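The model is a predicted one.

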Amino acid sequence: MWVVVGASVTALATGLGALPFAVRREVSPSWLGGANALAAGVMVGASIGLIGEGLDVGAPGALVGAALGAAFVLLVRWTLPEGDSLRFEGLQADGARTAVLVMVVMTAHSAAEGIGVGVAYGGGEELGVATTAAIAVHNIPEGLAIAL
């Protein structure tokens with residue numbers, strides 16, 4: 001049961017990142033740029049930290065995992081149509097392509113996070129709670145990036 005609670009907490013934390021848009025629908029381009037840079041910085045920092053941890057445990061596996069993750073993002077990007085043919089929720093062309101790319105990649109990313117929470121609880125409640133907290137904090141700027 002704690003795995004379900006932990007995974008739910010991480011999912012709800014993602015919604016916290018979208019709260020600025022609940023208060024104010026129209027934001028300036030400079031604010032959007034700063035918020036996007038903040039979200040990207042946190043996610044890049046988390047990725048570098050995870051790669052570093054993986055290298056400490058087993059460099060070949062970490063490098064293969066990082067390469068497979070990058071290949072997945074590139075594959076999704078390459079399979080999306082270019083030009084004006086793609087439309088998604090009022091967006092078209094590059095805007096629609098970016099929205100679909102983010103949605104697909106973040107869905108896969110969220111599934112991996114849920115598995116991570118489950119595996120962490122398998123290592124004990126303390127590890128599960130710590131992992132849940134870390135993922136939840138990481139998901140707040142992630143929610144901001146998705147909302148952007």
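**Helix 1**

Helix 1 covers residues 2-16, 15 residues in total, and reaches 21 Å from its first C-alpha to its last, close to the 21 Å expected at 1.5 Å a residue. Its buried residues are Gly6, Thr10, Ala13 and Thr14. Seen down the axis of helix 1, these buried residues fall within an arc of 110°, so they line one face of the helix. Val4 and Leu12 are exposed and sit on the face turned away from that buried side. The cover over the buried residues of helix 1 includes helix 4 (94-122) and helix 5 (125-147).

**Helix pairs**

Two packed helices are described by the angle between their axes and the distance between the axes.

| Pair | Angle | Axis distance |
|---|---|---|
| Helix 1 and helix 4 | roughly 140° | within 9 Å |
| Helix 3 and helix 5 | about 140° | 9 Å |

For the pair of helix 1 and helix 4, an angle of roughly 140° makes helix 1 oblique to helix 4. The crossing of helix 1 past helix 4 is right-handed. Helix 1 contributes Trp2, Val3, Gly6, Ala7 and Thr10 to the contact, and helix 4 contributes Val117, Gly118 and Tyr121. Gly6 and Thr10 are also among the buried residues of helix 1.

Helix 3 (residues 29-79) packs on helix 5 at about 140°, which makes helix 3 oblique to helix 5. Helix 3 passes helix 5 in a left-handed crossing. On the helix 3 side the contact is made by Trp31, Ala35, Ala39, Val42, Met43 and Ala46, and on the helix 5 side by His138, Pro141, Glu142, Leu144 and Ala145.

How values were computed
Residues numbered from 1 in each chain as written. Predicted model: local features only at pLDDT ≥ 70, side-chain atom pairs only at ≥ 80, totals over all residues. Heavy atoms only, no water. Helix = DSSP H or I, 4+ residues; strand = E, 2+ residues; numbered from the N terminus. Expected span 1.5 Å × (residues − 1). Buried < 20%, exposed > 50% of the residue type's maximum accessible area, 1.4 Å probe, protein only. Arc of directions from axis to C-beta. Contact = heavy atoms within 4.5 Å. Axes fitted to C-alpha atoms, helices over the stretch in contact; angles between N-to-C directions. Parallel < 35°, antiparallel > 145°, perpendicular 65-115°, else oblique. Left-handed = near helix turned anticlockwise from the far one by under 90°.
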